[in-house]
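The structure is shown below.

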Amino acid sequence: MKNSFMGVTRRVICFILCLVITPQMLDVSFIETSAEDICYAEEAMRAMSEGFYAFEESIDLSRFNISPEDIGTLFSGVTKNDPYLFFVDNHLSFSYKEDGYVTSVRPRYSMSKGEAYQRVAYCREEVERAAALVGKGKSQAERALLVHDMLCLGFEYDLSLESRDLYGFFVNKKGTCQGYAWAYMAILREIGIECEFAASDSIEHIWNLVKIDGEWYHVDVTWDDPPTKNHTSGSISRRHFLCSDKRATEQGHKDWYSASGVECASQSYDGVDFNNVIHSLHVSGDIDANGNAELYDLLMMRRLVENTEIALSSFCPLCADADVDEALTESDVELLRKRLLLSPPS
C-alpha cells in the first residue's frame with residue numbers, strides 16, 4: 001500500500017481504510033522497528049484513545065513514526081480492546097506525507113458526543129455495581145467464575161443480532177458475543193483481573209483471555225450461555241471457563257488473535273469440572289449479596305419470578321437460585337419463605 005503511493009511527492013496523501021481485522025492486526029509486537037527508525041506504538045495508541053474520548057475530528061500522530069501499514073494494527077488495538085469505545089466507527093481515514101509516516105487520523109463517530117458520554121457513563125455504573133456484587137473473594141479464579149455466572153444468568157443471547165455493543169448489552173439484558181466479551185472484560189478489569197479479547201474471523205466469534213495467578217486462559221461466556229426462551233430461568237455451563245489453548249482448540253475455537261498475542265499454555269484447570277462447583281461466595285437466597293438471606297431478598301425473589309424488570313446491578317442471579325437447580329422458579333421463593341418465615345427461631 002505504501003509503495004503504490006510513494007511516487008506522489010510534495011503533498012499529503014489521504015487514504016480511507018475500511019478495516020479488515022487479521023491475526024496480525026491486534027498484536028503490537030508484530031510492528032518491526034529499528035534503533036534509527038523508532039515506532040512509538042504504545043504512545044500512538046494512547047493518543048488515539050484520548051482523541052476518541054475527546055471526540056476530536058483529527059488526531060495528530062506525526063510525532064510517533066507510524067507507517068500506513070501499521071495504523072490498522074494500532075487502531076484495532078485501541079478500539080477492540082476497550083469496551084467503552086463503542087461509539088467509534090470501524091472505518092478510519094488517515095493522512096501521511098512523502099516520508100511515509102502517518103500525520104493524523106480522522107475517526108468517524110456513530111453518535112453525538114453527548115449521547116456517547118451518557119451511554120458510557122451508564123455502562124460504567126453498571127460495571128461498578130456488578131463488580132460490587134463480586135467483592136474481593138478468595139481467589140482470582142473464584143471471582144472470575146462469579147462474574148461468568150452473573151452474566152450467564154442475568155443475560156441472554158440476542159438471536160436478532162441487533163444488540164452488539166456494551167451499552168445494548170446492559171440496556172436490553174441481551175447481546176451477541178461482542179456484548180458478552182466486552183461486559184466480561186469490563187467487569188473483570190474493574191475488580192483488578194487482567195482481561196482482553198480473542199477473536200476468530202473463521203468462526204465469526206469473540207471471547208476472552210483472562211490472566212489468573214500469572215497465567216492466561218480462555219473464557220467463553222457466550223458459549224456457556226446457550227439461548228433459552230426465558231433468560232431468568234436458563235441453565236448455564238462452565239465448559240469454556242479457564243481453558244488452555246489446547247483445550248480451547250478441542251472445543252472448537254480456532255484461528256484466533258488477541259490484543260497482545262499471549263499464549264494460554266497452562267493446563268492447570270483443563271481437568272476441573274466447573275459445572276459441579278458451587279461458588280463459595282454465594283449465599284443461597286441472598287439476592288442483594290450482603291451476606292445474609294433476609295426478608296428483603298424474599299420480596300425481590302418474588303418480583304424476579306414474576307418477571308418484573310430488575311437490573312443486573314440489583315441482584316445476584318446465582319444466589320437467587322435457592323434450591324440450586326439452575327432455574328429461578330416458584331420453588332426458590334417457597335424454599336426461602338419457609339426458611340425465613342416458618343422455621344423456628346434459633
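Predicted model: local features only at pLDDT ≥ 70, side-chain atom pairs only at ≥ 80, totals over all residues.

## Overall build

A residue is called buried here when its relative accessible area is under 20%, and exposed when that area is over 50%.

The chain contains eleven helices and eleven strands. When contacts between residues at least 6 apart in sequence are considered, 65% of them join residues at least 24 apart.

## The largest pocket

The largest pocket has a volume of about 890 Å³, and of the 34 residues that line this pocket, Lys80, Arg164, Gln178, Trp182 and Ile206 are the closest to its centre. Sorted by class, the lining of the largest pocket comprises 19 nonpolar, eight polar and seven charged residues.

Several elements contribute to this lining: α3 (68–79), α7 (177–190), β3 (88–96), β7 (195–200) and β8 (205–212) each supply at least two of its residues.

## Enclosed cavities

Which spaces remain inside a model can be asked with a simple probe, because rolling a probe the size of a water molecule over the atoms shows where empty space is left. With a threshold of 30 Å³ or more, the count comes to two cavities.

The second largest cavity has a volume of about 30 Å³. The residues that line the second largest cavity are Trp207, His218, Val219, Asp220, His240, Cys243, Ala248, Gln251 and His253, and by class they divide into four nonpolar, four polar and one charged.

## Aromatic contacts

The structure holds 17 aromatic pairs. One of them joins Phe169 and Phe170 in an edge-to-face arrangement, with 6.1 Å from centre to centre and 65 degrees between the planes; the pair is classed this way because an angle over 60 degrees counts as edge-to-face. Phe169 is buried, with a relative accessible area of 0%, and Phe170 is likewise buried, with a relative accessible area of 0%.

Ring pairs also link Tyr53, Phe55, Phe86, Phe87, Tyr109 and Tyr117 into a cluster. In a contact of another kind, the charged end of Arg124 sits over the ring of Tyr84, at 3.9 Å from the centre of that ring.

## Residues with positive phi

Which residues other than glycine have a positive phi? One of them is Phe55, whose phi is near 55 degrees, and another is Lys173, whose phi is positive at about 60 degrees.

Phe55, a member of the aromatic cluster, is found in the loop between α2 (41–53) and β2 (59–60), and at 14% relative accessibility Phe55 counts as buried because the cut-off is under 20%. Lys173 has its place in the loop between α6 (166–172) and β6 (174–175), and Lys173 is buried too, with a relative accessible area of 7%.

## Buried residues in helices and a strand

Is Ala44 buried or exposed? At 0% relative accessibility, Ala44 counts as buried, and its place is in helix α2. Leaving aside neighbours within four places in sequence, Ala44 is in contact with Leu61, Phe64, Ile66 and Leu74. The C-alpha atoms of Ala44 and Ile59, which are 15 residues apart along the chain, are separated by 9.8 Å.

Ala130 is found in helix α4 (residues 113–134) and counts as buried at 0% relative accessibility. Between the C-alpha atoms of Ala130 and Leu188 the separation is 9.8 Å, while along the chain these two residues are 58 residues apart. Ile212, in strand β8, is buried with a relative accessible area of 1%. If residues up to four places away in sequence are not counted, Ile212 touches Gln140, Ala141, Ala144, Ile193, Tyr217, Leu242 and Tyr269. For Ile193, which is 19 residues from Ile212 along the chain, the C-alpha separation from Ile212 is 7.4 Å.

Note on methods: Residues numbered from 1 in each chain as written. Heavy atoms only, no water. 1 Å grid on protein atoms, 1.4 Å probe; cavity = no way out; pocket = protein on both sides within 12 Å on 5 of 7 lines; lining within 4 Å. Points joined across faces, edges and corners; volume = space filled by probe spheres on them. Helix = DSSP H or I, 4+ residues; strand = E, 2+ residues; numbered from the N terminus. Nonpolar A, V, L, I, M, F, W, Y, C, P; charged D, E, K, R; others polar. Phe/Tyr/Trp six-rings, centres within 6.5 Å; stacked < 30°, edge-to-face > 60°. Buried < 20%, exposed > 50% of the residue type's maximum accessible area, 1.4 Å probe, protein only. Lys NZ or Arg CZ within 6 Å of the ring centre and 35° of its normal. Contact = heavy atoms within 4.5 Å.
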